[in-house]
Amino acid sequence: MLHERRSQRPLSSPGNEKDIPVTADVEADSWAATLTPRLAQFVAVARHEHVTRAAQQLGMPQSTLSRSMARLEHDLGVALFARHGRTVSLTAAGRTFLATVDRALSEVDRAAESVRADADPAAGKVAFGFLHTMGSETVPELIRAFRTDHPRVRFQLVQNYGEAMIERLRAGDLDLCLTSPVPDEPDLVSRRLDEQKLRLVVPDDHPLATRKRIRLAEAAGELFVTLEPGYGLRRITDALCAEAGFTPKVAFEGEDPETLRGLVAAGLGVGLLPPPAVPRPGVVELTVTAPRAVREIGVAWLDGHPDTPPVAAFKKFLLSRRGQLLLHR
């Protein structure tokens with residue numbers, strides 16, 4: 001609701017200026033909404049020091065511009081211009097106001113250019129999140145292939161675990177994310193792209209290291225190294241162990257599968273992990289025959305969120321890679 005603030009007397013200005021009542025029909029927290037439409041007009045008049053020439057530059061009637069400037073001074077309760085016939089000059093208050101308005105409009109220009117640049121079909125930006133395990137091979141290969149046809153598209157890349165990326169999708173920080181498990185949430189759209197086999201990783205001097213295959217139930221008595229709660233792979237590990245009839249005894253929790261693989265190599269436990277980018281010495285990776293040990297990888301985005309052209313192009317590209325997302329080993 002608008003409130004009126006009044007002074008006991010009008011504001012008098014020197015020279016040929018009219019008295020301007022110190023009356024503002026706006027609250028302090030609505031100055032921006034009230035004044036913004038007239039700021040560019042004010043700058044034009046201040047630069048030309050002539051209402052007619054400013055109106056010609058702006059492509060508007062002089063009378064309309066004159067009324068707009070009068071209303072601006074009325075709303076502020078401050079004389080911004082001293083009138084001298086057909087010309088005007090800035091008052092001290094006008095000079096102060098101009099300096100700040102110039103900076104504000106420059107920031108608006110920069111913001112507009114930034115969002116326009118990000119939406120540019122040829123050279124825009126895609127904010128793309130992905131799991132840590134996708135970072136060494138999968139994502140670099142995806143971007144390399146995509147940029148064959150879109151060489152100037154820029155990427156803001158974010159590596160994180162699944163729940164954190166979903167939060168950033170909802171906050172608008174990400175356009176798309178590769179995650180696992182594939183989320184099933186009412187405010188998200190998700191598509192399954194591929195699946196990745198998980199292996200039971202054991203130290204190379206472990207009694208099971210002579211095996212090539214194993215039923216997960218045979219590892220029920222082992223100490224496990226796993227990702228921390230909240231990570232998708234941790235939920236998958238717990239679910240597979242439950243399906244095999246046991247709850248894993250967790251010795252160590254971490255944030256990165258390759259760190260866990262190092263703990264396995266040091267003899268500190270076994271782990272249910274995706275294949276490594278590069279084979280690691282000190283461990284043996286066993287195929288799990290039962291239950292079926294895989295994790296699904298999918299792409300997710302916020303439902304109803306409009307795509308810029310580069311985001312739409314990259315989304316279409318990802319969906320075209322169904323079944324071919326990962327380098328299967």
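**A predicted model, residue by residue**

Biologist: Is R192 buried, exposed or partly exposed?

Modeller: This is a predicted model. Buried needs under 20% relative accessible area, and exposed needs over 50%. R192 has 39% relative accessibility, so R192 counts as partly exposed.

Biologist: Leaving aside its neighbours within four places in sequence, which residues is R192 in contact with?

Modeller: Take L178 as a side note: it is 14 residues from R192 in sequence, and the two C-alpha atoms are 9.7 Å apart in space. With neighbours within four places in sequence left aside, the contacts of R192 are V182, E296, I297, G298 and R322.

Biologist: D194 has no salt bridge, so how far away is the nearest side chain of opposite charge, R192?

Modeller: D194 lies in strand β8, which spans residues 188–197. D194 is buried.

Biologist: How many aromatic pairs does the structure hold?

Modeller: One of them joins F146 and F155, edge-to-face, with 5.9 Å centre to centre and 85° between the planes. Both of these residues are buried. They also belong to one aromatic cluster with F128, F130, F314 and F317. The structure's count of aromatic pairs is 11.

Biologist: F224 and F246 form an aromatic pair; what is the angle between the planes?

Modeller: This pair links distant parts of the chain, 22 residues apart. F224 sits in strand β11, while F246 sits in the loop between α7 and β12. Both F224 and F246 are buried. Their rings are tilted, 6.1 Å centre to centre, and the angle is 40°.

Biologist: How many disulfides does the structure hold?

Modeller: C177 counts as buried because its relative accessibility is 0%. C241 counts as buried because its relative accessibility is 0%. The disulfide count is zero.

Biologist: Which elements do the buried residues of α8 pack against?

Modeller: Helix α8 spans residues 257–265, and P257, L260, R261, G262 and V264 are buried there. The helix is followed by G267, with a positive phi near 80°. The buried residues of α8 pack against β9, β11, β12, β13 and β14.

Biologist: With which side chain does the side chain of H74 make a polar contact?

Modeller: H74 is found in helix α3, residues 62–76. H74 is partly exposed because its relative accessible area is 22%. In general, residues three or four places apart in an α-helix point the same way, because there are 3.6 residues a turn. The polar contact of the H74 side chain, at 3.1 Å, is with the side chain of R71.

Key: Residues numbered from 1 in each chain as written. Predicted model: local features only at pLDDT ≥ 70, side-chain atom pairs only at ≥ 80, totals over all residues. Heavy atoms only, no water. Helix = DSSP H or I, 4+ residues; strand = E, 2+ residues; numbered from the N terminus. Buried < 20%, exposed > 50% of the residue type's maximum accessible area, 1.4 Å probe, protein only. Lys, Arg positive; Asp, Glu negative; His and termini not counted. Salt bridge = Lys/Arg side-chain N within 4 Å of Asp/Glu carboxyl O. Phe/Tyr/Trp six-rings, centres within 6.5 Å; stacked < 30°, edge-to-face > 60°. Disulfide = S-S within 2.5 Å. Contact = heavy atoms within 4.5 Å. Polar contact = N/O pair within 3.5 Å; in protein donor to acceptor, adjacent residues only side chain to side chain.
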